[in-house]
Amino acid sequence: MGGSDLTRPTGVRWIGDPAVDHGEGAFWDAATRTLRHVDMLAGDLITVAGEVASVDRTHIADVLSVIRRRRDGGFVAAVERGFALFDDDLAVVRRIPVFDDPAVRMNEGACDAAGRLFCGSMAYDMRPGGGRVYRLDPDLSVHVALEGVSIPNGLVWTDAGTTALHADTLSREIRAYDYDPDRGTFGASRVFVRMEDDAPGSPDGMALDAEGGLWVAMWGGAAVHRYDSDGRLDQVLPLPVTNPTSCAFGDGDHPVLYVTTSRQGVAAGAEPLAGRVAAVPSSVRGAPVFAFAG
């Protein structure tokens, strides 16, 4: 069994803003040594800093799907129907519209090693095949990378960047795509993980550890799963919330796996920790997470 043993985690802290409704898109901002994630449908960026976990909330847009660092300073984000660039103070530098369909929004994404940002779109009514995955290149041109996705979520690269692992929550599977790191294109694919019909939860956001393990937030499954490089489940981290949404490793002095969560579909007064972030001590560090090159 690789990675840190989190099957019976100890020392888990619950941090962040208790007012978060739909936490998503966690990433460790090494430039400021802070955890950042979004309250997606509120359009807010949540920044959690320090041992006492001070919290800052900044409104960015009507919908804020994902936000990442830019290599030369500032941030890039996927907003409801496109992308946007921000400076270090989170002021808008440039807006990049992608589509104008009010029935569709951006959902989740990540950057590859070349600094391209990918983000998937989905229909608000969650209809099958209603989304695409878009690629924002460093020259700020936008391209369709994948068609016919439903609820596109976690995206990471393995095998020195030649394989992309991508989760579709509605189909309840993670697919492995042949990936051309020079062109930023997806090729042939195969099923990497498929949830059994009677298994709880569906794959949402994901993070790689330094040993090649894939940590997957299980929406509706009250857990995070770790899969080895062959797609075999080898660890389970149970959580007292129904909807874990994304994972990120904090690369500080003491490695931590951060897990965002959501209150969507949770009855009022139930699951008091839903919407907050689980900070789980880990004995393994995360794999590199890349910034946007534009």
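**Close-up views of a predicted model**

**View 1. His-225 and Tyr-227 meet through their side chains.** Their polar contact spans 2.9 Å (a polar contact is a pair of N or O atoms within 3.5 Å; within protein, one must be able to donate a hydrogen and the other to accept it, and residues adjacent in sequence count only if both atoms are side-chain atoms). This is a predicted model, in which local features need pLDDT of at least 70 and side-chain atom pairs count only at pLDDT 80 or more, while totals for chains, interfaces and linings use all residues. Residues are numbered from 1 along each chain as its sequence is written, and side-chain values use heavy atoms, with hydrogens and water left out.

View 2. Strands are DSSP runs of E with at least two residues, numbered from the N terminus. His-225 counts as buried because its relative accessibility is 10% (buried means under 20% relative accessible area, with a 1.4 Å probe and protein chains only). Beyond its neighbours within four places in sequence, the contacts of His-225 include Met-195, Leu-214 and Trp-215 (contact means heavy atoms within 4.5 Å).

**View 3. Strand β22 (residues 243–250) is largely enclosed by the rest of the structure, because eight of its eight residues are buried.** Strand β23 (residues 256–262) pairs with β22 in the antiparallel sense over seven bridges (pairing requires at least two bridges found by DSSP). Look for Gly-250, whose bridge partner in β23 is Val-256.

Technical notes. Buried means under 20% relative accessible area, exposed over 50%, partly exposed in between (1.4 Å probe, protein chains only). Helices (H or I, at least four residues) and strands (E, at least two) are DSSP runs, numbered from the N terminus.
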